[in-house]
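Subject: Structure handover

Hi,

Here is the structure for you to look through. Please open it first, then read my notes on the aromatic rings below.

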Amino acid sequence: QSSERHEIQNSSFTGNSAPGATAILIDEFDDTTNILIHGNCQFIDNGKFVNGDITDVIVSSAKKFSILDSSFKFSNPSSKSPRAIKILKQATIKNTFFSNVNGNYGENQGTAVYIPDEAGPITIDDCIFSDCGNNCGSNNAAIFIGSGESIQISNSKFNFSSFVFSNKHFT
């Protein structure tokens with residue numbers, strides 16, 4: 001079975017506010033689909049936090065999702081922002097910068113990266129989280145990890161950001 005690959009590169013997504021996934025929704029792909037976002041893609045001030053609803057800048061249910069050399073930035077650190085990435089299957093996030101990603105969504109939510117129970121394996125490498133997940137309520141953080149499959153975080157920096165581990169399966 002051959003693999004289908006889709007790429008987004010050198011692109012900017014600014015001020016988008018679609019419901020659910022404000023910039024990119026990767027939904028209902030089969031088990032052979034690979035998505036690659038790379039080459040200085042920028043996600044700036046996307047989404048709105050309205051009536052307590054959580055929105056995400058990117059939602060991925062692709063079999064293999066990778067985002068490399070990209071950034072997520074919100075101008076107003078005190079406002080509630082949407083989550084940056086919600087991963088539903090497996091993913092690699094590498095050399096990506098997250099800035100001012102904060103929101104209060106209730107308990108057990110991620111602000112920059114949300115990894116629910118069914119996701120994995122996940123690799124986060126060489127990323128920077130700056131001012132993410134702060135003052136966001138109980139068990140909210142820059143990265144929230146459910147009880148999904150193998151999660152590996154390496155060579156990443158958390159500057160003025162909170163972090164929640166709730167997974168017993170770290171590699």
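First, a definition. Rings of Phe, Tyr and Trp (its six-membered ring) form a pair if their centres lie within 6.5 Å. Please keep in mind that this is a predicted model.

By this rule there are six aromatic pairs. Ring pairs join F13, F43, F72, F98, F129 and F158 into a cluster.

How is a pair described? A pair of aromatic rings is described by how far apart the centres are and by the angle of the planes.

Start with F43 and F72. Their ring centres are 4.7 Å apart and their planes are at 10°. Planes under 30 degrees apart count as stacked, so this pair is stacked. The pair links distant parts of the chain. F43 sits in strand β5 (residues 42-44) and F72 in strand β8 (residues 71-73), 29 residues apart. Both F43 and F72 are buried.

Next, F129 and F158. This aromatic pair is stacked, with 4.8 Å centre to centre and 5° between the planes. This pair links distant parts of the chain, too. F129 belongs to strand β14 (residues 128-130) and F158 to strand β17 (residues 157-159), 29 residues apart.

Is F129 buried or exposed? Its relative accessibility is 0%, so F129 counts as buried. F158 has a relative accessible area of 30%.

One last item concerns a charge over a ring. R83 lies over the face of Y114, at 4.4 Å from the ring centre.

Best wishes

Conventions. Residues numbered from 1 in each chain as written. Predicted model: local features only at pLDDT ≥ 70, side-chain atom pairs only at ≥ 80, totals over all residues. Heavy atoms only, no water. Phe/Tyr/Trp six-rings, centres within 6.5 Å; stacked < 30°, edge-to-face > 60°. Helix = DSSP H or I, 4+ residues; strand = E, 2+ residues; numbered from the N terminus. Buried < 20%, exposed > 50% of the residue type's maximum accessible area, 1.4 Å probe, protein only. Lys NZ or Arg CZ within 6 Å of the ring centre and 35° of its normal.
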